[in-house]
Every structure is written in C-alpha cells, then in structure tokens.
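Hi,

Here's the model I promised you. Have a look at it first, and then read on for what turned up.

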Amino acid sequence: QVQLDESGGGLVQAGGSLGLSCTASGGTFGRHAMGWFRQAAGREREFVAAISWRRGGFTTYADSVGGRFTVSRDIDKNTVYLQMNSLKPEDTAVYFCALKMSDRSDTWNYWGQGTQVTVSS
C-alpha cells in the first residue's frame, strides 16, 4: 500500500516563503513522478508542479507558479519538495502531494492527505 506523508505548510505573509515535503513509502518506484496539486476553497483541484524520477528529473510547472515555486527531489529518500517563494494571497489553498507510477501517464495514482497553506495580505 503506497502512502504519501506530507509535511510543511502553515501561515505566511504575502511575499514570504514556505516549503513542503512529501515522502512516498510502501511501493516499488523507479520511473514514477511526484508532484503537487492545490485546491482553494470553492475551486477545483489544480496542478502546481511535478518532477520525474528518471535521470535528469524533468520538471513541469503551472504558469501561475513558474519562477516562484521550485519542485525538487531526493531519490534516496523517495521525497519530493516544493519550495514556494514570493507567495501571494491567491496561493492560499490545501496542497496535495501526488504520485503516478509512470511519469508518462496522465493518471495520478496516489494522493497525500493535504496540507493547508495560507498567505495573508
């Protein structure tokens, strides 16, 4: 049973920074990808960023966070990170870690429990 354990998040003022981490366990991983989604109150869940576990660690970002957020990985720890800088009130949301078993698939197979990020103006 694959499990994703998230940590980080919290309350920060606009312009500040926060970091999230997520560790995967309980599965056999290799050519998977891990990433982050977020869901603001009253809105649908949206993609934020993702990174492949293949050599080179290909990354993708939503346009809304490009240049402000950085996704990275620790292969040995099966952990993905999201460093969020220059945060804006519109970044306020519950952030979910996700994993897909194939980085070439469109389907995200596993999800974390979510962690709240609140950016005050």
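Two strands count as paired here if DSSP finds at least two bridges between them. Keep in mind that this is a predicted model.

On that basis there's an open sheet of four strands, in the order 1-3-8-7, with antiparallel pairing. Strand 1 (3-8) and strand 7 (69-74) are its edge strands, each pairing on one side only. From one strand to the next, the twist averages 15 degrees. If you zoom in on strand 7 and strand 8 (residues 79-84), you'll find six bridges joining them in the antiparallel sense. V71, for instance, has L82 in strand 8 as its bridge partner.

Next, the largest pocket. It holds about 160 Å³ of space, and its lining is made up of A33, A50, I51, S52, F58, T60, K100, D103 and W108. By type, that lining divides into five nonpolar, two polar and two charged residues. Strand 5 (residues 46-52) gives the most to the lining, with three residues.

Leaving aside neighbours within four places in sequence, S102 is in contact with R31 and H32. S102 and S52 are 50 residues apart along the chain, and their C-alpha atoms are separated by 8.9 Å. S52 is also one of the residues lining the largest pocket.

Cheers

How values were computed. Residues are numbered from 1 along each chain as its sequence is written. This is a predicted model: local features need pLDDT of at least 70, side-chain atom pairs count only at pLDDT 80 or more; totals for chains, interfaces and linings use all residues. Side-chain values use heavy atoms; hydrogens and water are left out. On a 1 Å grid over the protein atoms alone, a cavity is a set of points where a 1.4 Å probe fits but cannot get out, and a pocket is an open set with protein on both sides within 12 Å along at least five of seven lines; lining residues have an atom within 4 Å of a point. Grid points are joined across faces, edges and corners, and a volume is the space filled by probe spheres set on the points. Helices (H or I, at least four residues) and strands (E, at least two) are DSSP runs, numbered from the N terminus. Ala, Val, Leu, Ile, Met, Phe, Trp, Tyr, Cys and Pro count as nonpolar, Asp, Glu, Lys and Arg as charged, and the others, Gly among them, as polar. Axes are lines fitted to C-alpha atoms, for helices over the stretch in contact, and angles run from 0 to 180 degrees between N-to-C directions. Contact means heavy atoms within 4.5 Å.
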